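Hi,

Here is the structure I said I would pass on. Have a look at it first, and my notes follow below.

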Amino acid sequence: MRTLLKLVVGLLAAPLVLALLGVTAGLFLPREHQVTRVLHLKAAPEVVWGLIGDPAKDPTWRPELEACVRRPDRGGRPVWEDRFRNGQRIAYLTETAEPPVRLVRTIVDQERFGGTWTYALQAEGTGTRLRITETGWVGVPFRLLAKAVIGHATTLELYQRALARHLGEAAEPQAE
């Protein structure tokens, strides 16, 4: 009976110990990160801008989104909220919009993570070089998960792959 009790206690304690180890390891990882991905597209910068510069269109080409809803402006700047199929919601403010060359958006109203995406579009012949840089931060409980399991560049890469797919291209994001 004692052996069974020890086994049950051990099985119940194991997830707590693992979580504690993950949080402790996360304390030693940097809070901030910066990652850049570049995508070479055949579409012209004006076509690419027409998709990325209008968040209302995002659900038509980003399969993970259920909706993108306009929220009240802040300081005269537009705020949009991505509503994901998994129930997550992320709001962001457009800091800068210079069609069709530069776009800067910052996540707002998040306590677990945040940051800015800076989009730079450059003509390449008749196509576009789309460079997106994420300058972000991740809170302690999720740092190890974000760094080691998910990866800081994963969201950028999913975004760029969905954009390429929507444009009928097989382009792949590349590290810079």
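Let me start in the sheet: β1 and β7 pair in the antiparallel sense over 10 bridges, where two strands count as paired if DSSP finds at least two bridges between them. Within that pairing, Thr36 has Thr133 of β7 as its bridge partner. β1 also runs antiparallel to β8, joined to that strand by 2 bridges, and here Val38 has Gln174 in β8 as its bridge partner. β1 is mostly covered, with 7 of its 10 residues buried; buried means under 20% relative accessible area, exposed over 50%, and partly exposed in between (1.4 Å probe, protein chains only).

Before going on, please keep in mind that this is a predicted model: local features need pLDDT of at least 70, side-chain atom pairs count only at pLDDT 80 or more, and totals for chains, interfaces and linings use all residues. Residues are numbered from 1 along each chain as its sequence is written, and side-chain values use heavy atoms, with hydrogens and water left out.

Now the wider picture. The chain has 5 helices and 8 strands; these are DSSP runs numbered from the N terminus, helices being H or I with at least four residues and strands E with at least two. Of its 176 residues, 38% count as buried. The 8 strands form an open, antiparallel sheet in the order β2-β3-β4-β5-β6-β7-β1-β8. β2 (65–74) and β8 (174–175) stand at the edges with a single partner strand each, so one side of each has no neighbour in the sheet. For β2, the antiparallel pairing with β3 (residues 77–84) extends over 7 bridges, and Ala67 has Arg83 in β3 as its bridge partner.

Two helices to look at on the sheet: α2 packs there, touching β1 (32–41), β4 (89–98), β5 (102–108), β6 (113–124) and β7 (127–138), where contact means heavy atoms within 4.5 Å. The direction of α2 makes about 160 degrees with that of β6. Helix α5 (residues 154–166) packs on the sheet too, touching β1, β6 and β7, and its direction makes about 15 degrees with that of β1. For these angles, axes are lines fitted to C-alpha atoms (for helices over the stretch in contact), and values run from 0 to 180 degrees between N-to-C directions.

Which residues of α2 (residues 45–52) are buried? They are Pro45, Val48, Trp49, Leu51 and Ile52. Seen down the helix axis, they fall within an arc of 160 degrees, so they line one face of α2; the arc is that of the directions from the axis to the C-beta atoms.

Asp54 is partly exposed, with a relative accessible area of 27%. Neighbours within four places in sequence aside, Asp54 is in contact with Trp49 and Arg105.

Last, the aromatics. A search of the whole structure finds 4 aromatic pairs. Rings of Phe, Tyr and Trp (its six-membered ring) pair if their centres lie within 6.5 Å; planes under 30 degrees apart count as stacked, over 60 as edge-to-face and the rest as tilted. Trp61 and Tyr159 have ring centres 5.1 Å apart and planes at 75 degrees, so this pair is edge-to-face. Trp61 lies in helix α3 and Tyr159 in helix α5, so the pair ties together parts 98 residues apart in sequence. Both Trp61 and Tyr159 are buried, and together with Trp117 and Tyr119 they form one aromatic cluster.

Cheers
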